[in-house]
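Have the model open while you read.

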Amino acid sequence: MTMQITPEILQKLQNIVGTTFVFTDDETRNQYGHDETEDYVFPPSVVVKPASAQEISEIIKVANEYKIPVVPIGGRTGLSGGALSIHQGIGLSTDRLNKIIEIDEKNLQVITEPAVITQVLQDTVLEKSLFYPVDPSSRGSCFIGGNVAENAGGARAVKYGVTKDYVLNLEVVLPTGEIIWTGANTLKNSTGYNLTQLMVGSEGTLGIITKIVLKLLPKNSHNVLMLVPFYKAEQACEAVSAIFRAGIVPSALEFMERDAIDWAIKFIEGVNVDIKPEIQAHLLIEVDGNYPEILMLEAEKIMTVVEGFQIDEILFADTEDQKNALWRMRRGVAEAVKSNSVYKEEDTVVPRYELPTLLKGIKEIGDKYGFKSVCYGHAGDGNLHVNIIKADMTDDNWKTEVPKGIREIFELTVALKGTLSGEHGIGYVQKNFMDIAFSTLQLQLMKNIKQVFDPNNILNPGKIFPDNI
Ligand SMILES: Cc1cc2nc3c(=O)[nH]c(=O)nc-3n(C[C@H](O)[C@H](O)[C@H](O)COP(=O)(O)OP(=O)(O)OC[C@H]3O[C@@H](n4cnc5c(N)ncnc54)[C@H](O)[C@@H]3O)c2cc1C
């Protein structure tokens, strides 16, 4: 691969997007050379900011001619290093494709470009009483295109599903430069292979998404939010599956270990929660719908379930302000942890009944390899984010012992019929653990698909697949 961007290549890129939108200065390259994955920085040789699918197509054709890697870059909130330009080349920022094209109120759909911030999309459709439920905690800064590329989830996935459940159709620039639509704007589609869903979660390796058609729902009018303190963290995990077995599907069911909540309270302004020293974990539980009486009955049923465990007094959020404060606290956990220490975040997911076994196993593995972990996440989905904290661990142990511990955590996850990532993707940092979840045959099948789409391997090379395959 050509890593050097020669003056001739630069000129071609400038001819496509204009000189104003081609950047070779260190500041811009560094800015677009990192996401939220640990402290990694891999600057591209050049950052380009095209304004249309047509311009992206022309850039991709140049990249194929000179065999230059191209990395699609969204809001750079990724936690698996997908947007890092590990082989330099062209960092293709989607920043300028940032318009909501149409809200189709008749069909409850929205057609959008990829660089719309997720929360902006949510708020804009809400003005028309429509609901886009996928709610990653990073919604204030991630892009909807990045959400599609990672198949993002978030707190409301437990009732409403993840990004894939809302993507109906995509316009994509293929790694060979052609522009296609992947399907149809329909709620059902049994017509041939599902190219739309193949693109969802493909982490910028199979195509650059330039338009997205999303399904919307009518908005709900009411919700009830409660914070339940547990004396034992494993019991909080046990309560998760018990709530579903009692016949309730909450709209959010989030787990936070003690440190997660303590650090978030310190980090986020305006959150006032008193927690007894003996409390080990909390569940944040929401039910939503249109009929307050039904929601109260559901909340009572949840109370009956959790009271079967050792809990302290349940906090009900009475006002919108209280609800917002609790959600700000939950959404702020990741940043709070990051502000405390260098850390590695794993995105384990298991069938939800296995959560207590997973949590116990993670702590035992931490003891074995000498690291502390702070766990939190979308417990209703069985999705536990494991933050391994460097704190005062030596650099040597961080480099040698922690990867062994992570491998054991993933082995445990897979043994429990789970997998490596529920929503953050594999990207750069988890690729060498893929052998735990997949056989060589399975990985080779995926690689063959990549080869069909991207014969010159120019689009986001070095991601998803282990180095040795
Ligand atoms: C504080 C915090 C909280 C988070 N909470 C959640 C959460 O609750 N749920 C969740 O799922 N994730 C969460 N994340 C992870 C992250 O926000 C998501 O993975 C998000 O979807 C990434 O979007 P982005 O626009 O930032 O993409 P980037 O980080 O810029 O890119 C991510 C990947 O998508 C590819 N890509 C981006 N745009 C395109 C495009 N147009 N076409 C093709 N490929 C593209 C990139 O090449 C890369 O591989 C969180 C992250 C942070 C920092």
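Two strands pair if DSSP finds at least two bridges between them, and the elements themselves are DSSP runs numbered from the N terminus: helices are H or I with at least four residues, strands are E with at least two. Keep in mind that this is a predicted model, where local features need pLDDT of at least 70, side-chain atom pairs count only at pLDDT 80 or more, and totals for chains, interfaces and linings use all residues. Residues are numbered from 1 along each chain as its sequence is written, and side-chain values use heavy atoms, with hydrogens and water left out.

- Seven strands make an open, antiparallel sheet, and the order across it is 15-12-14-13-17-18-16.
- At the edges sit strand 15 (315-316) and strand 16 (343-349), each pairing on one side only.
- Strand 12 (residues 222-230) and strand 14 (residues 281-289) run antiparallel and share nine bridges; Val 228 has Leu 283 in strand 14 as its bridge partner.
- Helix 9 (residues 258-267) packs on this sheet, touching strand 12, strand 13 (252-257), strand 14, strand 17 (372-378) and strand 18 (383-389). Contact here means heavy atoms within 4.5 Å.
- The direction of helix 9 makes about 90° with that of strand 13. Axes are lines fitted to C-alpha atoms, for helices over the stretch in contact, and angles run from 0 to 180 degrees between N-to-C directions.
- Helix 10 (residues 292-306) also packs on the sheet, touching strand 12, strand 14 and strand 15, and its direction makes about 10° with that of strand 12.

- Four strands form an open sheet with mixed pairing, in the order 1-2-4-3.
- Strand 1 (22-23) and strand 3 are the edges; each has a single partner strand, so one side of each lacks a neighbour in the sheet.
- Strand 1 and strand 2 (residues 46-48) run antiparallel and are joined by two bridges, with Val 22 partnered by Val 48 in strand 2.
- Helix 3 (residues 53-66) packs on the sheet, touching strand 2, strand 3 and strand 4, and its direction makes about 170° with that of strand 4.
- Strand 3 pairs with strand 4 (residues 90-93) in the parallel sense over four bridges, and Val 71 stands opposite Gly 91 in strand 4.
- In strand 3 (residues 70-73), Val 70 and Pro 72 point one way while Val 71 and Ile 73 point the other, and all are buried. Buried means under 20% relative accessible area (1.4 Å probe, protein chains only).

**A helix pair**

- Helix 8 (residues 233-245) and helix 13 (residues 355-369) pack at about 155°, with axes 8 Å apart.
- That makes helix 8 and helix 13 roughly antiparallel, a label for angles over 145 degrees.
- Ala 233, Glu 234, Cys 237, Glu 238 and Val 240 of helix 8 meet Leu 355, Pro 356, Leu 359 and Lys 360 of helix 13.

**Two buried residues**

- Val 349 lies in strand 16 and counts as buried because its relative accessibility is 15%.
- Beyond neighbours within four places in sequence, the contacts of Val 349 include Asp 381, Gly 382 and Asn 383.
- Asp 135 sits in the loop between strand 7 (130-131) and helix 5 (144-150), and at 1% relative accessibility Asp 135 counts as buried.
- Again leaving out neighbours within four places in sequence, Asp 135 is in contact with residues including Gln 122, Arg 156 and Arg 331.

How values were computed:
Angles under 35 degrees count as roughly parallel, over 145 as roughly antiparallel, 65 to 115 as roughly perpendicular and the rest as oblique. Buried means under 20% relative accessible area, exposed over 50%, partly exposed in between (1.4 Å probe, protein chains only).
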